[in-house]
Amino acid sequence: MFNNDCTTNIINKINELKEKRNALIIAHNYQLSEVQDIADFVGDSLELSRKAADTDADVIVFCGVHFMAETAKILSPEKTVLIPDIKAGCPMADMINVAKLREFKAEYPGRTTAAYVNTSAEVKAEVDICCTSANALEIVESLDADEILFVPDQSLADYVAQRTTKKIIPFSGYCPTHHRISREQIVAQKEKHPGAVVLAHPECTRDVLELADGIFSTAGMISYVKESSAKEFIVATEQGILHRLQLDNPDKKFYSPTERTICPNMKKITLKKVLWSLEEMQYVIELDPEIIKRARNSIDRMIAIR
C-alpha cells in the first residue's frame with residue numbers, strides 16, 4: 001500500500017509541475033512501463049522529436065536516451081529540452097564520433113554519407129542525410145549516388161543492402177541489445193508458440209531477420225499488430241515495447257525471444273527522476289547553434305523525402 005501511495009504521490013507532483021512549467025512529457029517505446037504510463041505521448045525516436053516540435057509546450061521532458069533528446073532540441077531549438085538522466089546514452093551512437101566519421105569518409109572520398117538517427121548531433125552535422133529504421137531503404141533509394149556510406153549500424157546497413165542495387169558501405173557499429181537475440185532463440189520460441197507471428201527490428205542480425213514474418217521499426221510493429229488478425233507474436237526487439245503492445249491489444253499475446261532483450265540505458269529513467277527533472281529543470285540539452293543548423297539540414301533532407 002505504501003508503494004502505491006508513494007507512486008500516486010509522485011504522479012500527482014509530476015502532473016502539478018507539468019502544468020506549472022507548461023511541460024510535455026514524451027517517452028520512447030522502450031521505456032519502463034511506469035514512465036510510458038505518465039507520458040503525454042509514447043512513440044519511436046523520430047515520432048517523439050516531431051511531437052516535441054509541434055507542441056506549444058515550453059519544456060520537453062524527453063524520456064529516452066541522449067541522442068533522442070538531442071534530436072528534439074535540433075528540431076525545437078527554442079524549447080527547453082530536459083533528459084531526466086544525463087547518463088542514459090546509446091552504446092551504438094557512442095560507437096561513432098566525428099573523428100571516426102571523418103576517418104571513415106576519408107577511406108571512401110566523395111561518397112554520400114547517410115546516418116541513422118541513432119547518432120549524436122555532431123555526427124548528424126557531418127553527414128549528407130539522416131534516416132530511421134522505418135525509412136532507411138527509401139532514403140537510400142532516393143539518393144543520387146551508387147555507393148553510400150552508412151553509419152553507424154551495420155545490421156540496418158545490411159538490411160538495406162539486401163534490398164537495393166546500390167552499394168552500401170557500412171560502419172562497424174551495432175546495437176548490443178538487438179545483437180543478444182539469436183536465431184536459436186527465435187526457433188525455440190516458434191516451437192513453443194507455433195502459430196505466433198515473428199516480428200523483428202532491423203537492428204537484429206541477418207540470421208534473425210531471415211526468420212521474421214515482418215521487419216519493422218517500433219512504430220511499424222505497433223501499427224502492424226493492431227491491424228493483424230493474428231493472436232500471438234514473438235517480438236524481436238527491446239522488451240519495453242511489450243507494455244505498449246499489450247495495452248493496445250489486450251486480447252493478444254506477446255513473447256520476447258530472450259529475457260536479455262533489455263537496454264539498461266533505456267531503463268535508467270524512472271518516475272522519481274522525471275519528478276526531479278521537472279523540479280530542478282535538469283538535465284538541460286544544450287547544443288552549439290552551428291551544430292543545430294548543420295544537423296537540422298541532414299534531418300530536414302530526410303523529412304522532405306519521408
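Reader: Which residues line the largest cavity?
Author: Its lining consists of Ser45, Leu46, Ser49, Phe67, Met68, Thr71 and Val117. Helix 3 and helix 4 are the elements that give two or more residues to this lining. Helices here are DSSP runs of H or I with at least four residues, strands are runs of E with at least two, and both are numbered from the N terminus.

Reader: What kind of model is this, and how are residues numbered?
Author: It is a predicted model, in which local features need pLDDT of at least 70, side-chain atom pairs count only at pLDDT 80 or more, and totals for chains, interfaces and linings use all residues. Residues are numbered from 1 along each chain as its sequence is written, and side-chain values use heavy atoms, with hydrogens and water left out.

Reader: How is a cavity told from a pocket?
Author: On a 1 Å grid over the protein atoms alone, a cavity is a set of points where a 1.4 Å probe fits but cannot get out; a pocket is an open set with protein on both sides within 12 Å along at least five of seven lines; a lining residue has an atom within 4 Å of a point. Points are joined across faces, edges and corners, and the volume is the space filled by probe spheres set on them.

Reader: How many cavities of 30 Å³ or more turn up?
Author: The search of the whole structure finds one. The largest cavity holds about 30 Å³ of space. Its lining has four nonpolar, three polar and no charged residues, where nonpolar means Ala, Val, Leu, Ile, Met, Phe, Trp, Tyr, Cys and Pro, charged means Asp, Glu, Lys and Arg, and the others, Gly among them, are polar.

Reader: And the largest pocket, what is its volume?
Author: The volume of the largest pocket is about 530 Å³. It is lined by 36 residues, of which His28, Ser45, Tyr116, Asn118 and Glu203 are the closest to the centre. By class, that lining comprises 16 nonpolar, 13 polar and seven charged residues.

Reader: Which helix gives the most to that lining?
Author: Helix 3 does, with four residues. Helix 3 (45–54), helix 4 (66–75), helix 5 (91–94) and helix 10 (176–179) each supply at least two residues.

Reader: What does helix 3 lie across?
Author: Helix 3 lies across strand 1, strand 2 and strand 3 (59–63), and runs at about 145 degrees to strand 2. Axes are lines fitted to C-alpha atoms, for helices over the stretch in contact, and angles between N-to-C directions run from 0 to 180 degrees. Contact means heavy atoms within 4.5 Å.

Reader: In what order do the strands of that sheet run?
Author: The order is 2-1-3-4, in an open sheet of four strands with parallel pairing; two strands pair if DSSP finds at least two bridges between them. Strand 2 (41–43) and strand 4 (80–82) are the edge strands, each pairing on one side only. Strand 1 (residues 23–28) is joined to strand 2 by three bridges, and Ile26 stands opposite Phe41 in strand 2.

Reader: Back to helix 4: how does it cross helix 16?
Author: Their axes come within 9 Å and cross at roughly 90 degrees. The two helices are therefore roughly perpendicular, a label for angles of 65 to 115 degrees, with those under 35 roughly parallel, those over 145 roughly antiparallel and the rest oblique. In the contact, Thr71, Lys73, Ile74 and Leu75 of helix 4 meet Ile292, Ala295, Arg296, Ile299 and Ile303 of helix 16.

Reader: Last topic, backbone geometry: where are the peptide bonds cis?
Author: The bonds from Val151 to Pro152 and from Gln282 to Tyr283 are cis, each with omega near -10 degrees. Pro152 lies in the loop between strand 7 (147–151) and helix 9 (154–161), and Tyr283 in the loop between helix 15 (271–280) and helix 16.
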